[in-house]
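Hi,

Here's the structure I promised to pass on. Have a look at it first, and then read on for what turned up.

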Amino acid sequence: MKQTNVYLLDDHKIVRDGLKSILSMHSEYQVVGEESRPDVFLSTLSDLDIDILILDVSLPNISGIDLIKKIKDVKSNLQIVMLSMHENPEYMFRSLKEGANAYLPKDIEAQEFIEALDQVRQRGSYFPTSMNFNNKDTLTPPPEGLKYSILLTSRELEILAYMAKGLSSKQIAQQINVSPRTVETHRVNIMKKLGTNNGAETVALAWKLKLIQDDKI
């Protein structure tokens with residue numbers, strides 16, 4: 001696979017240095033540039049050869065979220081990974097609406113950070129299960145089903161389809177060659193992301209949100 005060019009836009013040098021240290025241990029990624037000033041970054045963006053931008057949500061004089069559209073106007077295919085101290089789901093959905101591919105907390109573990117970049121490269125999106133995105137009181141609702149389809153991983157969507165068939169965790173485990181305990185963990189994560197309380201409620205909501213397709217059943 002082609003080496004992925006990463007650019008860091010964060011106004012804290014210690015954060016940039018930490019990210020560079022993590023990425024230096026993974027040969028599939030190379031940091032090709034860094035900047036603390038959004039205006040300088042925008043002025044040079046058209047000349048940059050980058051695949052993934054690590055973008056701080058809180059930047060001097062402008063929100064990273066507000067910067068996404070300006071960036072996409074120049075490079076529409078650039079994949080943007082938001083890095084934030086804020087776990088407010090409103091920030092995540094605003095970032096998503098503007099075109100971000102991932103939203104990560106700044107205290108994310110190094111291994112999950114790399115996994116997130118891998119998912120962005122391969123699937124185009126990643127949102128960690130550790131962040132609580134189900135506080136409906138703080139959300140501006142996105143289009144029906146959109147937030148959930150992106151929050152759920154491909155494995156979780158697969159398990160959801162098997163749940164709709166009425167399979168037990170043990171039966172699903174046999175289908176996808178994992179342990180029943182692993183399936184149970186996925187089921188818990190699915191319910192947490194969808195804000196449901198049991199399997200029946202989860203499947204019903206999944207049908208409503210069109211997360212399950214007839215040809216997958």
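Predicted model: local features only at pLDDT ≥ 70, side-chain atom pairs only at ≥ 80, totals over all residues.

As for the overall make-up, you'll find 10 helices and seven strands. The chain has 217 residues, and 46% of them are buried. If you take the contacts between residues at least 6 apart in sequence, 64% of them join residues at least 24 apart.

Now for the aromatic rings. The count comes to one aromatic pair. The partners are Tyr-7 and Phe-41, with ring centres 5.0 Å apart and planes at 45°. Pairs under 30 degrees count as stacked and those over 60 as edge-to-face, so this one goes down as tilted. The two residues come from distant parts of the chain: Tyr-7 belongs to strand 1 (residues 4–9) and Phe-41 to helix 2 (residues 38–44), which puts them 34 residues apart. Both Tyr-7 and Phe-41 are buried.

One more place to look is helix 7, which runs over residues 154–164. Which of its residues are buried? They are Glu-156, Ile-159, Leu-160, Ala-161, Tyr-162 and Met-163.

Cheers

Note on methods: Residues numbered from 1 in each chain as written. Heavy atoms only, no water. Buried < 20%, exposed > 50% of the residue type's maximum accessible area, 1.4 Å probe, protein only. Helix = DSSP H or I, 4+ residues; strand = E, 2+ residues; numbered from the N terminus. Phe/Tyr/Trp six-rings, centres within 6.5 Å; stacked < 30°, edge-to-face > 60°. Contact = heavy atoms within 4.5 Å.
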